[in-house]
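Please work through each task before reading its solution.

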Amino acid sequence: MTTTVITNIGSLVTNDPALGDGSPLGLVEHAALVLDGDTVAWAGPAAAAPDADRRVDAGGRAVVPGFVDSHSHLVFAGDRTAEFHARMSGQAYKAGGIRTTVAATRAATDAELSANVARYLREALRQGTTTFETKSGYGLTVEDEARALRIAAEHTDEVTYLGAHIVSPDYADDPAAYVDLVTGEMLDACAPYARWVDVFCEKGAFDGDQARAILTAGQAKGLQARVHANQLSYGPGVRLAVELNAASADHCTHLTDADVDALASGNTVATLLPGAEFSTRAEWPDARRLLDAGVTVALSTDCNPGSSFTSSMPFCVALAVRDMRMTPDEALWSATAGGAAALRRTDVGRLSPGARADLALLDAPSHVHLAYRPGVPLVAEVWRRGVRVV
């Protein structure tokens, strides 16, 4: 297997405190990285780097782990430009807008849906995202949810069953029957394609009892839980996520002290999605409150056509620093190692020996430029599984 040394790295973020400066970022200045095939073999000062078959000069650029986007909704058709325009003109965001995308997605062909997923993933890859999760949730019939997951599984291993995105318009007068469908026939059809089960626990979607039934049914089928929780209002979602040992509670905008305490005492990651607040003019999650309480925090794009139509993790890092009171170091860690924790992965989100060789070279000497120069295309190269792909 061919080995590669990437040397003359201005600063290397390893996310391994045992390396470099001992901080959570494991920052190594004037560094080198040795790749053995698709795996990191060595990381440290360039002067101490072992020999390799091939040498790549980073030109003083910063190197960071590939971003881990642990929350997206990419299997869809159409867009919601009109809704966005109306919202930016003064209308409030409501959960029901999802129905517009449901209609467009049901009408699309498999090829159209797959092409859309591929398009947005190429977009994300160019911006440094090397691991991503994506969900169903815009079909809301047995057939459409199953095909969404089948299509998603062609592009990623991190596939989430979200038949419980909203109550299907077909069951508007009988939500209980829709919950029965989501936990029965639809789950049976979808579970073979998915790793995760998710539910939108929110006013206008599913209440706590419904969410519990959906998540526990998924767990009984071998799926691990994650939860859309406390986005638009206070509610039971976060504490339910912790109780059921969900990998992540996502959004976490409206939190009580009991919610924060539950997250701090459990194994559930708080995944924050600043693109959603940016695109809906909603209240920002208080990342500082969570971090100071000892909660593990992830950042993700929530890329979807209704409330966060961005695939840019660097943009989300900049938003988190500017508007959610995170430091540049915390935001980068949350967008890499934090995302990996939200997917319960140890092979990505870091650049230390044994990790997957997923990395981004920045056209900047430091990762701080991701927040310092927002909107600038700083990702110069992307390597995935040891191969340069951008």
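**Exercise 1.** Determine how the axes of helix H3 (residues 110-126) and H4 cross, and which residues make the contact.

Solution. Step 1: the axes, which are lines fitted to C-alpha atoms over the stretch in contact, come within 10 Å and cross at roughly 45 degrees. Angles run from 0 to 180 degrees between N-to-C directions, and helices (H or I, at least four residues) and strands (E, at least two) are DSSP runs numbered from the N terminus.
Step 1: H3 and H4 are therefore oblique to each other, since angles under 35 degrees count as roughly parallel, over 145 as roughly antiparallel, 65 to 115 as roughly perpendicular and the rest as oblique.
Step 2: the crossing of H3 over H4 is right-handed, that is, the near helix is turned clockwise from the far one by less than a right angle.
Step 3: H3 contributes Asp 110, Leu 113, Ser 114 and Val 117 to the contact (heavy atoms within 4.5 Å), and H4 contributes Arg 147, Arg 150 and Ile 151.

The model is predicted: local features need pLDDT of at least 70 and side-chain atom pairs pLDDT 80 or more, whereas totals for chains, interfaces and linings use all residues. Residues are numbered from 1 along each chain as its sequence is written, and side-chain values use heavy atoms, without hydrogens and water.

**Exercise 2.** Identify the members of the largest nonpolar core that touch the most other members.

Solution. Step 1: such a core is a set of buried Ala, Val, Leu, Ile, Met, Phe, Trp, Tyr and Cys residues joined through side-chain atoms within 4.5 Å; buried means under 20% relative accessible area, exposed over 50%, partly exposed in between (1.4 Å probe, protein chains only).
Step 1: among its 89 residues, Tyr 161, Phe 206, Leu 263 and Leu 290 touch the most other members.
Step 2: helix H4 (residues 142-153) gives the most to this core, with six residues.
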